[in-house]
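Try each task before you read its solution.

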Amino acid sequence: MTIKETEEEIIEEFGQFDDWMDKYQYIIDLGNGQPPLDESFKTDDNLIDGCQSRVWLHAYMDGGLLKFQADSDAIITKGLIALLIRALSDHTPAEILESDVHFIDEIGLTSHLSPTRSNGLLSMLKQIRTYALAYSE
């Protein structure tokens with residue numbers, strides 16, 4: 001499945017909810033569904049700068065595809081990183097760098113998150129793109 005196809009799937013899923021409280025609950029559920037990050041990856045090197053809560057992001061290449069694993073100590077933030085991982089993990093670094101990640105705006109995240117969570121989301125996306133850039137060389 002392409003990044004764009006996954007984004008459309010996420011947009012469709014969020015479109016099923018009329019109320020933002022339901023959307024927040026869905027984000028929390030996505031985070032709770034994330035496999036736990038191995039404690040060995042919860043290091044300062046894997047902490048994302050710019051997030052109010054602690055978010056660890058581990059990246060590695062597997063068969064030419066960049067894969068991500070993450071965890072957070074905040075439930076909504078864990079769901080946000082789960083969304084980004086769902087859309088961007090298991091793709092080539094070039095595909096990740098070329099993606100526009102339009103689903104964030106389409107589902108209304110930018111307008112419904114607090115400024116600190118919005119900044120955190122951008123920091124998570126920036127770190128994912130930084131890994132993609134590093135692994136594309």
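Contact here means heavy atoms within 4.5 Å. The model is predicted.

**Exercise 1.** Find which residues E7 is in contact with, leaving aside its neighbours within four places in sequence.

Solution. 
- Start in helix α1, where E7 has its place.
- Search beyond the sequence neighbours: E7 is in contact with D100, V101, H102 and F103.
- Now check charge. E7 is buried but has no salt bridge. The nearest side chain of opposite charge is K4, 5.1 Å away. A salt bridge needs the nitrogen within 4 Å of a carboxyl oxygen.

**Exercise 2.** Determine which parts of the chain the salt bridge between E9 and R86 ties together.

Solution. 
- Confirm the pair: the closest N and O atoms of E9 and R86 are 2.7 Å apart.
- E9 lies in helix α1 and R86 in helix α3, so the pair ties together parts 77 residues apart in sequence.
- E9 is partly exposed, at 32% relative accessible area. R86 is partly exposed too, at 26%.

**Exercise 3.** Trace the network of salt bridges that includes D71.

Solution. 
- Take K42 first: it forms a salt bridge with D71, with the closest N and O atoms 3.0 Å apart. K42 is in the loop between α2 and β1, and D71 is in strand β2.
- Compare burial: D71 is buried at 7%, and K78 is buried at 17%, whereas K42 is partly exposed at 26%.
- Complete the network: E39, K42, D71 and K78 are linked.

Notes:
Residues numbered from 1 in each chain as written. Predicted model: local features only at pLDDT ≥ 70, side-chain atom pairs only at ≥ 80, totals over all residues. Heavy atoms only, no water. Helix = DSSP H or I, 4+ residues; strand = E, 2+ residues; numbered from the N terminus. Buried < 20%, exposed > 50% of the residue type's maximum accessible area, 1.4 Å probe, protein only. Lys, Arg positive; Asp, Glu negative; His and termini not counted.
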